[in-house]
Amino acid sequence: MAAGTTSAGGQANGGTAAPLLVVDDVTLQYKTTEHLVTATWKVGFEVYAGERYVLLGPSGCGKTTLLKAIAGFMKPVAGAITLAGKPIERPGPDRMMVFQEFDQLLPWRTVLGNVMFPLLVNHRMPRAQAEKHARALLAKVNLTRFEDVHPHMLSGGMKQRVAIARALAMEPAVLLMDEPFAALDALTRRKMQEELVALWEEVRFTVIFVTHSIEEALLIGSRILVLSPHPGRVKAELNAGHLGPADVGTPAFDKLQKHIHNLLFTDKIETTEAAHG
Amino acid sequence: MVEHKVAPPARPERMIALDAMGAVGDVARPLAPFERIANITAVRRLFVLVVLAVLWEGFARISNNPLLFPSLTDTVEAFYEAAVYGPLLERTLNSLQVLAAGYAIGLVIAALFTTVAVSTRIGTDLLSTLTAMFNPLPAIALLPLALLWFGLGAKSLIFVIIHSVLWAVALNTHSGFTSVSQTLRMAGQNVGLRGLRYVALLLVPAALPAIVTGLKIGWAFAWRTLIAAELVFGASSRSGGLGWFIFENRNQLETASVFAGLLTVILIGLFVESVIFRTIENATIRKWGMQS
């Protein structure tokens, strides 16, 4: 597979260069009305430029909270997150985020207007140039026919493709994706996964992808961080760059899938014990 | 206990080439003309109006008492007379002028209030408390006080109109802001929006359905309050309003003219509601799919 060889090369480069994003022993807590919940406990990892880095874990492992902290929506209680050496202070367009929910698009702007929005807000380029740039990205996600339509006319899969185009238009240092395909039907989801990997082949962005699906992690990720729940702790960090959408069902794919399954399964027993203790 | 299990029969598989089935009939067919006409809202509404007009005319002719219940034709005639030769047009313009002033000032104050409320917590508390206190208070109840403070005249009217607009608009706008989805908020912050740009470029358009509702309620309150207030006084100067026109004619037992005045109130209300606000809605929230 082309996907396998190129991403393996990317990792070899990553070994020599400095990491792009460093998450250093980060502990995250958030308040509900009754509890102070510890979402992650001393989680540390590094992401190199060009990686497809997957945060994988069951619900309650703090993977979405972790992504929100990288996006700048919340601050770590302990530890630090740095992007290219600079600590993350607040949300910003150098870390464009694609959410799970379909209502992340601005309903009052057309598809083209949505993709242009971050470019114009940040005065990244003049309007005419932004429009050209946005059209080029919409062509990449096969939405040229829907440029002038408002988001409510689109299907779920199309909305997510607009969100991906909008995020990529800003050429962010790192693209953050929070279970972007979880609310799609199974057929559309698989198609979107393949499209995302193909898009990565073409554009070579850095992406951090949150999912609870082992299969999705293997399809998309070049490196997978397996997290255990309550609170989220790093369980393992695995390479999956040699596996792509075309490898589903091959022995190598099944083997890694089973391996991760076992990692998460043993974790379950630990947490029930922890809950009792 | 199941005596004999029913096993489904083993059946052959089927593979069908779609284009071998011949042409499919019309996938979509236009509706019959009557159905299409009946689907136009304006046509159905007009039908209701015609039925009402016929009932009115019929009842008035049967009761045959123009002093208490003039017919539609009498009313239309009085309307025409008053509009062309009488003071109806001038009175209406006076009313609308006062209304526009009060409505505009009310909106500005409401915008200030909600901006403070959305940016600070104590502002939210201030707005909530004030709205809870003053929203149930009918504006017309403040009229005696307004007369005391500002005397007979436009100032008193504007004061009560501001009161009737302010709380409805502020309340709706603020609840619109607070109900903007968390995802959309985060998407806005992610793009780098902060402060007033965040309010103007994200919160306001996202809350537009609630804001437009507030504007409509505020308009309806203001219009009613104005007519009611003008009925109470309005004899202040020569430049009375529409309410004064109604009051004056009732005193002279010109019942048809009273009806003509009421008709004007209704027509203006309908125009603002179904032309001005409808146009705004069609161009914005309906087009965006934020309201069906």
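Let me begin with the conventions. Residues are numbered from 1 along each chain as its sequence is written, and chains are lettered from A and ligands numbered from 1 in the order in which they are written. Because the model is predicted, local features need pLDDT of at least 70 and side-chain atom pairs count only at pLDDT 80 or more, while totals for chains, interfaces and linings use all residues; side-chain values use heavy atoms, with hydrogens and water left out.

I turn to the domains of chain A. The bounds come from an automatic or database domain assignment. In chain A, domain 1 covers 2-96 + 174-276, and domain 2 covers 104-171. Taken over C-alpha atoms, the centres of domain 1 of chain A and domain 2 of chain A are 26 Å apart. The contact between them, meaning heavy atoms within 4.5 Å, takes 15 residues from domain 1 of chain A and 14 residues from domain 2 of chain A.

How much area do the two domains of chain A bury between them? The size of an interface is often given as the accessible area lost when the parts come together. Here buried area is the accessible area (1.4 Å probe) that two parts lose on being put together, summed over both. For domain 1 of chain A and domain 2 of chain A the value is about 1100 Å², with 78% of it on carbon and sulfur atoms. On the side of domain 1 of chain A, the residues that lose the most area to domain 2 of chain A are Pro93(A), Met96(A) and Leu199(A), together 38% of what that side buries.

Side chains of opposite charge can pair when their charged atoms come close. A salt bridge is counted when a side-chain nitrogen of Lys or Arg is within 4 Å of a carboxyl oxygen of Asp or Glu. By that rule there is one salt bridge across the interface of domain 1 of chain A and domain 2 of chain A. Separately, Glu195(A) forms a salt bridge with Arg161(A), and their closest N and O atoms are 3.8 Å apart.

Which elements give two or more residues to the side of domain 1 of chain A that touches domain 2 of chain A? They are strand E7 (175-178) and helix H6 (186-203) of chain A. Helices (H or I, at least four residues) and strands (E, at least two) are DSSP runs, numbered from the N terminus. H6(A) gives the most to that side, with seven residues. The residues of that side divide into eleven nonpolar, one polar and three charged. In this grouping, Ala, Val, Leu, Ile, Met, Phe, Trp, Tyr, Cys and Pro count as nonpolar, Asp, Glu, Lys and Arg as charged, and the others, Gly among them, as polar.

Now the sheets of chain A. Two strands pair if DSSP finds at least two bridges between them. An open sheet is formed by six strands of chain A in the order E6-E7-E8-E3-E9-E10, with mixed pairing. Its edge strands are E6 (97-98) and E10 (233-239) of chain A, each pairing on one side only. Within chain A, strand E3 (residues 52-56) and strand E8 (residues 207-211) pair in the parallel sense over five bridges. Arg52(A) has Val207(A) in E8(A) as its bridge partner.

Strand E1 (residues 21-31) of chain A runs antiparallel to strand E2 (residues 36-47) of chain A, and eight bridges join them. Val23(A) has Phe45(A) in E2(A) as its bridge partner, and a hairpin of four residues joins E1(A) to E2(A). E1(A) also pairs with strand E4 (residues 78-83) of chain A, in the antiparallel sense over five bridges; there, Leu21(A) has Leu83(A) as its bridge partner.

Over all chains, the structure holds 14 salt bridges. One joins Glu215(A) and Arg190(A), with the closest N and O atoms 3.0 Å apart. Glu215(A) lies in helix H7 (residues 214-220) of chain A and Arg190(A) in helix H6 of chain A, so the pair ties together parts that are 25 residues apart in sequence.

Finally, the two chains. Chain B is divided into domain 1 (32-64) and domain 2 (78-283). Chain B and chain A bury about 2000 Å² between them, 67% of it on carbon and sulfur atoms.
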